[in-house]
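Student: Could you take me through one part of this model up close? I'd like to look at the charged pairs.

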Amino acid sequence: MSSGACTVNTVLIDLSGTIHIEDTEIPGSVKALERLQKSKVNIKFVTNTTKESKRVLLERLHSIGFNVKGEEIFTSLTAARYLIEQRKLHPLLMVDEKALEDFEGVSTENQDAVVVGLAPEKFDYNTMNQAFRLILSGAPLIAIHKGRYYKRKDGLALGPGPFVTALEFATGQKADIVGKPELSFFLSAVEEFSVAPSQCIMIGDDIYDDIGGAQNTGMQGILVKTGKYRDGDETKIHPPPRFVAKNFSEAVDFILTLIL
């Protein structure tokens, strides 16, 4: 694909599956990020990761070798907490224990909402049934995101989406989604930069949540063939990604041709 004329001053970068998988760097990503940082573009790391808090995630990235600052990370957990506080809710938190610190101070007494993240240990019958009953009684269902699956070292694994969908099916209530691919998530992530969506480009491995979501706001998208990428993903949305790269390093090379 040709680069064409374009002004890019802000780059959004997905994390898991794009620059790392669990505690392992996707080869070349650390040095590629360093090249991008030297270009002086605005950088924001946007992630639907809900299995760990922002602090734990930052420690993981540092241990791998990435030079990332806490304020550069925008997570769906942050967006979920903001919504809970805005609505003054007392949620049943179906999130991983390692993510609970991002909800410190949120009251879970007299539960009147259900919040679902990636929490494999809590997707059992009893907890799902508790959530089902709360929703039937009028509690809103809030999905931190509805990712279908994600990449682990041992292969692809179910995301929270199938479990959110099960609750929607059983109760007839649609979930409020706060993470990718929601338009508000992407726009909130770049709000501090005061840039137009057309000046932003998103790099990710999920054709729907990363690329489709970003492009629906008017941003551009680069799909990387790592992480959860499956052959033919680039044909599943319209318009297609601006560029398809074999990995993050190639994506950065492409971006540098747009801004140099």
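**Salt bridges, up close**

Tutor: Let's start with Asp96, which is buried, at a relative accessible area of 5%. Keep in mind that this is a predicted model. Asp96 pairs up with Lys51 in a salt bridge, and their closest N and O atoms sit 3.1 Å apart. The two come from distant parts of the chain, 45 residues apart: Asp96 is in the loop between β6 (91–94) and β7 (113–116), while Lys51 is in the loop between β4 (42–47) and α2 (54–64). Lys51 is partly exposed, with a relative accessible area of 23%.

Now go to Glu97. This residue is exposed, at 55% relative accessible area, and Lys122 forms a salt bridge with Glu97, with 3.6 Å between the closest N and O atoms.

Next comes Lys174 with Glu168, a salt bridge whose closest N and O atoms are 3.9 Å apart. That value still counts because the cut-off is 4 Å. What about burial on each side? Lys174 is exposed, with a relative accessible area of 60%, whereas Glu168 is buried, at 8%.

There's also a network to look at: salt bridges link Asp14, Lys180 and Asp210. As for the whole structure, a search turns up 18 salt bridges. The general idea is simple: side chains of opposite charge can pair when their charged atoms come close.

Definitions and conventions
Residues numbered from 1 in each chain as written. Predicted model: local features only at pLDDT ≥ 70, side-chain atom pairs only at ≥ 80, totals over all residues. Heavy atoms only, no water. Salt bridge = Lys/Arg side-chain N within 4 Å of Asp/Glu carboxyl O. Helix = DSSP H or I, 4+ residues; strand = E, 2+ residues; numbered from the N terminus. Buried < 20%, exposed > 50% of the residue type's maximum accessible area, 1.4 Å probe, protein only.
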